[in-house]
Amino acid sequence: MNDIKQVTVGSYLGQRLVEAGLKDFFTVPGDFTLVLLDQLIATPGLRMISCCNELNAGYAADGYARTAGFSAAVVTYTVGGLSLINAVAGAYGDDLSLLAVSGGPNSNDQHDHHRIHHTIGELDLYQAERCFAPVVAAVFNIRHLDDAARMIDEAIVTCLTQKKPVYLEIACNLTGLKISAPTSMLFPIPAAKSDPTALASAVEAAAQRINAAVKPAIVVGVKVRPAQAGDASLGLSNAMGCAVATTPDAKGIFSEDHPNFIGTYWSEVSSPNCSEIIESSDCQILIGVQQTDYTTTGWTALYKMDSAINIGIDQVSMPEGVFSQIYMADFLKALVVKVAKKDASMLEFQRYQEPIAPVAVAAAGDVLTLRELRRQIQGMINSETSLLVETGDSWFNGQRMCLPKGASYHVQMQYGSIGWSAGATLGVAMASKPDTRVITLIGDGSFQMTAQELSTMIRYQVNPIIFLMNNGGYTIEVELHDGPYNQIKNWDYAGLINVFNANDGKGLGIKVKTAGDLTAAISQAITHRGGPVLIECPLLRDDCSKELAEWGSHVAKANARV
């Protein structure tokens with residue numbers, strides 16, 4: 001028995017994280033986590049990324065999980081955790097495997113009836129985990145050494161299998177104590193299997209419905225990503241030959257180079273001719289579609305649920321019934337061999353299509369406009385681009401971008417927390433391959449929420465290109481309901497780079513005024529390495545996309561209904 005290898009609790013966690021594929025974790029230190037951090041940074045293959053505050057660390061972990069599939073943020077008890085919780089909630093909404101690790105009070109403090117700092121002064125030391133409970137798949141609180149290995153393993157497995165955040169709290173006095181070293185564990189976790197009988201019944205019913213339809217069409221939604229059903233969705237499209245649209249939060253999941261791709265279905269602000277095709281279909285095949293007031297433009301989308309086939313992560317519903325314990329990829333792969341070619345919706349779209357007029361090129365001396373900004377950013381995007389768009393008008397500008405095969409797209413539309421993209425940019429950049437160039441579109445109001453993370457990008461020498469649209473306020477709120485509260489104090493945004501660079505940083509800040517300035521700035525940004533590039537783009541307050549104005553009016557109407 002004396003030959004059994006032992007490690008500290010913190011080392012056990014570190015080794016399991018590495019086994020699960022993690023290379024970096026994000027943190028802000030605090031006294032309840034210092035010993036834990038000692039153990040984690042001593043773990044081979046695991047790098048600590050120190051952020052400016054816990055909220056930003058959470059956003060960075062969000063971005064990292066979008067790219068790498070799994071992430072972790074480590075914070076101190078309550079004062080750190082409650083700052084992190086907003087980012088964790090957003091990650092829950094987008095089905096991200098984010099492990100939220102918190103140091104906890106000494107395991108004896110509850111029994112000893114102690115009041116502890118970093119709390120609200122009550123004797124209840126379970127308050128933090130109760131705060132997290134609604135926004136995570138599970139809560140684990142290690143307050144006994146015998147529970148440590150089991151809880152760490154269960155926390156990571158739950159996080160990976162449910163594609164949701166998990167909260168793991170570890171008492172500060174236990175992290176340096178010894179337990180048995182981790183035994184081998186299988187990663188990745190095998191996918192759950194569908195019930196064979198239910199699967200066969202659902203496939204037969206769906207195939208009959210599709211084959212009897214005249215103009216079936218497919219809408220690919222955001223839940224395809226956590227279901228890992230992108231290839232299976234592509235297979236169904238190829239078999240049917242029908243029109244395929246994506247929802248706005250699912251942009252990039254289905255290849256935009258595919259001959260059957262017709263654009264974004266977003267009700268009143270859909271891509272040209274897209275809504276006509278989807279809304280006239282007599283059999284809408286909804287793959288992972290999540291309907292919200294945002295993705296339906298204030299509930300104006302015409303999804304025909306009385307005739308649609310609605311395919312969820314683990315359930316399929318249609319007029320013939322609800323079929324449970326059926327996983328999306330299994331269902332689509334089985335359906336492919338049962339459906340006939342059904343290309344009427346695609347042929348109709350081709351009849352509607354008209355030649356796209358070339359976008360006018362601004363003269364070099366022209367004052368910069370949003371249209372010219374979009375045109376020049378589009379010219380930068382290639383197969384190695386990772387495009388992030390912040391909540392607001394950036395959503396609509398991002399929708400207009402054409403993504404070549406290989407490019408990725410990131411948006412937080414479910415939770416819609418402004419400021420998300422600054423931290424997420426850091427996380428995506430840290431997790432991306434060396435040849436990937438991250439491009440972020442963010443408004444000035446959003447940027448003011450989380451601007452400090454420019455410092456972290458400089459510190460770790462990641463090189464995203466950030467286009468900051470400076471129009472003096474919260475443009476998305478202006479289109480929903482305007483008022484003096486939508487105006488903000490202007491900053492010298494490009495100048496902030498020099499502040500964060502201090503003496504050793506390699507960030508680059510550029511402020512442009514004309515179309516020619518932007519061209520020169522982009523040329524300089526593309527070749528810049530060793531730090532982020534922030535290009536400040538002043539725009540007129542009302543220079544927003546027409547889609548934002550239209551969408552905003554419908555969402556405002558939905559908000560105001562009585």
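This is a predicted model: local features need pLDDT of at least 70, side-chain atom pairs count only at pLDDT 80 or more; totals for chains, interfaces and linings use all residues.
Residues are numbered from 1 along each chain as its sequence is written.

Biologist: Are helix H1 and helix H6 roughly parallel or roughly antiparallel?

Modeller: Helices are DSSP runs of H or I, at least four residues, and strands are runs of E, at least two, numbered from the N terminus. Axes are lines fitted to C-alpha atoms, for helices over the stretch in contact, with angles from 0 to 180 degrees between N-to-C directions. The axes of H1 (residues 9-19) and H6 (residues 148-162) come within 10 Å and cross at roughly 25°. Angles under 35 degrees count as roughly parallel, over 145 as roughly antiparallel, 65 to 115 as roughly perpendicular and the rest as oblique, so H1 and H6 are roughly parallel.

Biologist: Which residues of H6 make the contact with H1?

Modeller: Contact means heavy atoms within 4.5 Å. H1 brings Val-9, Tyr-12, Leu-13, Arg-16 and Leu-17. From H6 come Ala-148, Ala-149, Ile-152, Asp-153 and Ile-156.

Biologist: What do the buried residues of H6 pack against?

Modeller: Buried means under 20% relative accessible area, exposed over 50%, partly exposed in between (1.4 Å probe, protein chains only). The buried residues of H6 include Met-151, Ala-155 and Cys-159. The buried set packs against H1, strand S5 (98-104), strand S6 (139-142), strand S7 (166-171) and strand S8 (178-180).

Biologist: How many Å apart are the end C-alpha atoms of H6?

Modeller: The expected span of a helix is 1.5 Å times one less than its number of residues. H6 has 15 residues, so it should span 21 Å. The model agrees: its end C-alpha atoms are apart by 21 Å.

Biologist: Is Asn-56 buried or exposed?

Modeller: Asn-56 is found in helix H3 (residues 54-68). Beyond neighbours within four places in sequence, Asn-56 is in contact with Gly-423, Thr-450, Gln-452 and Glu-453. Its relative accessibility is 0%, so Asn-56 counts as buried.

Biologist: How far is Asn-56 from Thr-450 in space, C-alpha to C-alpha?

Modeller: In sequence, the two are 394 residues apart. In space, C-alpha to C-alpha, the value is 6.7 Å.

Biologist: Is H3 oblique or roughly parallel to helix H14?

Modeller: The axes of H3 and H14 (residues 420-431) come within 6 Å and cross at roughly 45°. That angle makes the pair oblique.

Biologist: How many charged residues are in the contact of H3 with H14?

Modeller: Ala, Val, Leu, Ile, Met, Phe, Trp, Tyr, Cys and Pro count as nonpolar, Asp, Glu, Lys and Arg as charged, and the others, Gly among them, as polar. Among the residues that meet are Tyr-59 and Arg-66 in H3, and Trp-420 and Gly-427 in H14. By class, there are 10 nonpolar and 5 polar residues, and the charged ones number 2.

Biologist: Where is Pro-188?

Modeller: The peptide bond from Phe-187 to Pro-188 is cis, with omega near 0°. Pro-188 sits in the loop between S8 and helix H7 (196-212).

Biologist: Is Gln-228 exposed or buried?

Modeller: Gln-228 is not a glycine, yet has a positive phi of about 50°. Its place is the loop between strand S9 (216-220) and helix H8 (230-240). At 62% relative accessibility, Gln-228 counts as exposed.

Definitions and conventions:
Side-chain values use heavy atoms; hydrogens and water are left out.
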